[in-house]
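Trainee: I'm new to this one. Could we go through it together, one question at a time?

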Amino acid sequence: MPRRRIGFWYRFAAVLCKPPLVVLLRRDWRGMEHIPVEGGFITAVNHNSHIDPFAYAHFQYNTGRVPRFLAKSALFKKGFVGAAMRGTGQIPVYRESTDALSAFRAAIDAVDRGECVAFYPEGTLTRDPAGWPMTGKTGAARVALQTKCPVIPVAQWGCNELLPPYSKKPRLLPRKTHHVLAGPPVDLTRFYDREMTAELLKEATEVIMAAVTRQLEEIRGEQAPETPYDPRRERIEQRRRTKAQTQRGAQQAASPVQSAPAGQSAQSAQEKGLGK
């Protein structure tokens, strides 16, 4: 299927965004040869800074295959931002939907039309203390298995040094480098034509996230933790620790005050008698 033309709105957004990105960030971009020239596909990208969607979009724009990001449906409703989101072909996600598959219907349709849909499988900025990818959500795997399209794992690093996760204060100097490494398509064929159970989606997601993590290991020249950071597991563990601390505090508050030794009590009584 032929690829979609970039269009006015995407070119307009590039005119606005590219100059500051070029000033703020050097570029070390590799793996563009893995971006399909034709047809629909997915990119699965790690997320470690509020500005890395713009920097990653710059990389993808330069390949000639512009990404369509998933974004909250509220952003599409009005004003300049809404016009830009609609004009650039971004994909609204209706979070109120109770059907997980219908929430990604627009993404499936975009892939079927020959678009590139960019997923941040973690769903939010990484909370891993060292910046490694966390466990992923199953949306990218769901769309990939539904469409059987290529899934390109992409790792990026450097925007987090310019603007660390959950920070509002950029570190402009020295000038940072935006590293991007796209890898070959993830092999998901063993998951095709099987019942799309929660366990199947979880396993496919783990395969995708492992591929993204390997790309980041190559960029950083380091090995990632064997077990990815899991926000859900961490929340459960934090609740367990909080509950244990609360129970210990309650037990300490309920324990009777130790009585004074007998000798000390007798001495106190004697002293009181002398004081009369």
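Trainee: In which loop is T227 found?

Mentor: First, some ground rules: this is a predicted model, where local features need pLDDT of at least 70, side-chain atom pairs count only at pLDDT 80 or more, and totals for chains, interfaces and linings use all residues. Residues are numbered from 1 along each chain as its sequence is written, and side-chain values use heavy atoms, with hydrogens and water left out. Helices (H or I, at least four residues) and strands (E, at least two) are DSSP runs, numbered from the N terminus. With that numbering, T227 sits in the loop between α7 and α8 (231-254).

Trainee: Is T227 buried or exposed?

Mentor: Buried means under 20% relative accessible area, exposed over 50%, and partly exposed in between (1.4 Å probe, protein chains only). T227 has a relative accessible area of 51%, so T227 counts as exposed.

Trainee: How far apart in space are T227 and M134?

Mentor: Along the sequence, 93 residues separate T227 and M134. In space, C-alpha to C-alpha, the distance is 9.1 Å.

Trainee: M134 makes me curious about E122. Which side chain of opposite charge is nearest to E122?

Mentor: E122 lies in the loop between β5 (116-119) and α5 (139-147), and M134 is among the residues E122 touches (contact means heavy atoms within 4.5 Å). Lys and Arg count as positive and Asp and Glu as negative, while His and the chain ends are not counted. E122 is buried yet has no salt bridge, meaning a side-chain nitrogen of Lys or Arg within 4 Å of a carboxyl oxygen of Asp or Glu. The nearest side chain of opposite charge is 9.8 Å away, and it belongs to R127.

Trainee: Then which residue has its backbone nitrogen 3.0 Å from a polar atom of the E122 side chain?

Mentor: Look among the residues that E122 touches, including V45, N46 and H47. The backbone nitrogen lying 3.0 Å from that side chain's polar atom is the one of H47.

Trainee: On to the sheet: which strands stand at the edges?

Mentor: 7 strands form an open sheet in the order β1-β7-β6-β2-β5-β3-β4, with mixed pairing (two strands pair if DSSP finds at least two bridges between them). Each edge strand has a single partner, so one side is left without a neighbour in the sheet; they are β1 (25-30) and β4 (91-93).

Trainee: And which residue of β5 stands opposite P67?

Mentor: Strand β3 (residues 67-72) pairs with β5 in the parallel sense over 3 bridges. Opposite P67 you'll find C116.

Key. A polar contact is a pair of N or O atoms within 3.5 Å; within protein, one must be able to donate a hydrogen and the other to accept it, and residues adjacent in sequence count only if both atoms are side-chain atoms. Lists of a residue's contacts leave out its neighbours within four places in sequence.
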